[in-house]
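Please have the structure open while I talk.

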Amino acid sequence: MGWAAASGQLEVGASVLAAALFSWQMPHFLALAWLCKDDYIRGGFSMLSKFDPIGRRTAITSLRHCLYLAPIGLLAYWAELTTQPFAWEAAGLAAIFGAYAALFAVSPSQQAARKMFRASLLYLPLLLLGLVVHRLPNEHTMDADAVCMKARAMLVGVPWLIDAAKVVEDVGSGVIGMGSDLADSLWANKMKCPSKVLCESEEDALEQRPKSEAEVEALAQSKLGEARVLEKGGDKEVGSC
């Protein structure tokens, strides 16, 4: 939302930020869910920790998302959001974050979960600070195809990485296409707020249901009162003329 508000559109750079925040929140909240497992259960929230008495699944899931954070800086560089040093700094931050997640996976405990949680509190502000320090002016020229071309140019000589990039490109293009079709469909069907749609449907249902004699009489009295008000208003306008 912040990207759209600042630039007036959604671009590939917004996807980089969304990916970073999505993967960061998983170890952050999973650590919190493990630390406060009993409170979540009493509150009726079915977190992963509820079904993970040892903590291994929670820790491995956290570690996996820390690994997903490793290429975020490189993606930001390919999307021309930042200069190249940010790629290595972001990878270093992800490595430190991942190390705490690995410790939690090796020896699940309240202490290890708390350390990973504190690491998550440091990771995000440092990552965003790096984005600000290394940011490049947004020329609005980069799209998914341009990012993939830049990635291929850097990966020349590493065939298996090029193949992996091609798979990611195909999957990304499919997801972007589905999102575009969904947006077009919602726009064509006059997308509305769900609450507004619910209110309108309830109003329509009230109007269509059979009315009792008392309701019919009350409606007639209301219309008669409106007509009298309009009539008095017209008489005043004629008198003023």
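**Helix packing and aromatic pairs**

In this model, which is predicted, the buried residues of α7 pack against α2, α4 (56-68) and α6. Those buried positions in α7 include Ala-113, Met-116, Phe-117, Ser-120, Leu-124, Leu-127 and Leu-131. As for the helix itself, α7 covers residues 110-134, and its 25 residues should span 36 Å at 1.5 Å a residue, which agrees with the 36 Å between its end C-alpha atoms.

Let me now take α2 as the partner, where the axes of α2 and α7 come within 8 Å and cross at roughly 160°, which makes α2 roughly antiparallel to α7. The crossing of these two helices, α2 and α7, is left-handed. On the α2 side the contact is made by residues including Leu-17, Trp-24, His-28 and Trp-34, while α7 contributes, among them, Gln-110, Arg-114, Phe-117 and Tyr-123.

That brings me to the aromatic rings, for which the count comes to three aromatic pairs. In one of these, the ring centres of Trp-34 and Phe-104 are 6.3 Å apart and the planes stand at 55°, so the pair is tilted. Because Trp-34 lies in helix α2 (residues 12-35) and Phe-104 in helix α6 (residues 85-106), the pair ties together parts that are 70 residues apart in sequence. Trp-34 is buried, with a relative accessible area of 6%, and Phe-104 is likewise buried, at 0%. For Tyr-40 and Phe-45, the ring centres are 6.2 Å apart and the planes are at 85°, so that pair is edge-to-face.

Note on methods: Residues are numbered from 1 along each chain as its sequence is written. This is a predicted model: local features need pLDDT of at least 70, side-chain atom pairs count only at pLDDT 80 or more; totals for chains, interfaces and linings use all residues. Side-chain values use heavy atoms; hydrogens and water are left out. Rings of Phe, Tyr and Trp (its six-membered ring) pair if their centres lie within 6.5 Å; planes under 30 degrees apart count as stacked, over 60 as edge-to-face and the rest as tilted. Helices (H or I, at least four residues) and strands (E, at least two) are DSSP runs, numbered from the N terminus. Buried means under 20% relative accessible area, exposed over 50%, partly exposed in between (1.4 Å probe, protein chains only). The expected span of a helix is 1.5 Å times one less than its number of residues. Contact means heavy atoms within 4.5 Å. Axes are lines fitted to C-alpha atoms, for helices over the stretch in contact, and angles run from 0 to 180 degrees between N-to-C directions. Angles under 35 degrees count as roughly parallel, over 145 as roughly antiparallel, 65 to 115 as roughly perpendicular and the rest as oblique. A crossing is left-handed if the near helix is turned anticlockwise from the far one by less than a right angle, and right-handed if clockwise.
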